[in-house]
Amino acid sequence: MSAQPIQSSDDALRDSVPAESGEVVFPGRPDVAVEMRQLDFLLGDFRIEYTNLTTETVTTGEATCSTRPLADGRFYELTQRVPVPGLVATWLIGWSDVDNCFVSFYYDDWGHHGRFTGPGWVDGHFKLTGDSAVFGARHGFVEDFEIVDSDHLVKHGFVVVGDDLVPGDILHFHRI
């Protein structure tokens, strides 16, 4: 088998090659999905006031969040820093043309991780539904965002327990 020359990136790529040629031609880069504009409400820096409803005694606190576009705007990276209990959590959210929905991947510096999907805005809510491996077990979650105004949004988090959604947290994001 002889080595084939690699085409320079300076050479113009053809749109297609006859199937019988045996040549491998990579498709062109698609445009950023217009659906990503639905996530623009998340861009920027926020101060978060949170209420944790999962503890025996309801707890409150403050955190920060910043969201920036990645991969030329194909994904948004949302990073939350929660001083107490000392957690940095990251969400990657993007549009999947293949699945025709938003996809999201969650991970944090405690080793928790999860996968979520959602259709986008429906009746004033942007919801992501999925499951995460947290605190030694897998749990179902629903994250429900609503815009209060251009500088304030609220997220209600729910834990799936059987057929019920149990309130888990409430986060008020205030743009800074």
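From the N terminus on, the elements of the protein run β-β-β-β-β-β-β-β-β-β-β, and the count comes to 0 helices and 11 strands, where helices (H or I, at least four residues) and strands (E, at least two) are DSSP runs numbered from the N terminus. The model is predicted, so that local features need pLDDT of at least 70 and side-chain atom pairs count only at pLDDT 80 or more, while totals for chains, interfaces and linings use all residues. Residues are numbered from 1 along each chain as its sequence is written, and side-chain values use heavy atoms, with hydrogens and water left out.

Of the 176 residues of the protein, 35% count as buried, a term that stands for under 20% relative accessible area, with exposed meaning over 50% and partly exposed in between (1.4 Å probe, protein chains only). Among contacts (heavy atoms within 4.5 Å) between residues at least 6 apart in sequence, 31% join residues at least 24 apart.

The largest pocket has a volume of about 950 Å³. Of the 36 residues that line this pocket, the closest to its centre are Asn52, Leu87, Tyr106, Phe135 and Asp169. Among the elements that give two or more residues to the lining are strand 1 (44-52), strand 5 (101-108), strand 9 (137-149) and strand 11 (164-175). The lining divides into 23 nonpolar, 9 polar and 4 charged residues, with Ala, Val, Leu, Ile, Met, Phe, Trp, Tyr, Cys and Pro counted as nonpolar, Asp, Glu, Lys and Arg as charged, and the others, Gly among them, as polar. A pocket is here an open set of points on a 1 Å grid over the protein atoms alone, where a 1.4 Å probe fits, with protein on both sides within 12 Å along at least five of seven lines, and lining residues have an atom within 4 Å of a point. Grid points are joined across faces, edges and corners, and the volume is the space filled by probe spheres set on the points.

Histidine 112 is found in the loop between strand 5 and strand 6 (113-118) and counts as buried because its relative accessibility is 11%. Its side chain is joined to that of aspartate 108 by a polar contact of 3.0 Å, and a polar atom of the histidine 112 side chain lies 3.2 Å from the backbone nitrogen of phenylalanine 135. A polar contact is a pair of N or O atoms within 3.5 Å; within protein, one must be able to donate a hydrogen and the other to accept it, and residues adjacent in sequence count only if both atoms are side-chain atoms.

Phenylalanine 141, placed in strand 9, is likewise buried, at 17% relative accessibility. Phenylalanine 141 and phenylalanine 116 are 25 residues apart in sequence and 8.5 Å apart in space, C-alpha to C-alpha. Leaving aside neighbours within four places in sequence, the contacts of phenylalanine 141 include Phe116, Leu128, Phe158 and Val160.

Most residues other than glycine have a negative phi, and most peptide bonds are trans. The bond from valine 84 to proline 85, however, is cis, with omega near 25 degrees, and proline 85 is found in the loop between strand 3 and strand 4. Phi is positive, near 50 degrees, in alanine 71, which is partly exposed at 44% relative accessibility, and also near 50 degrees in aspartate 123, which is exposed at 73%.
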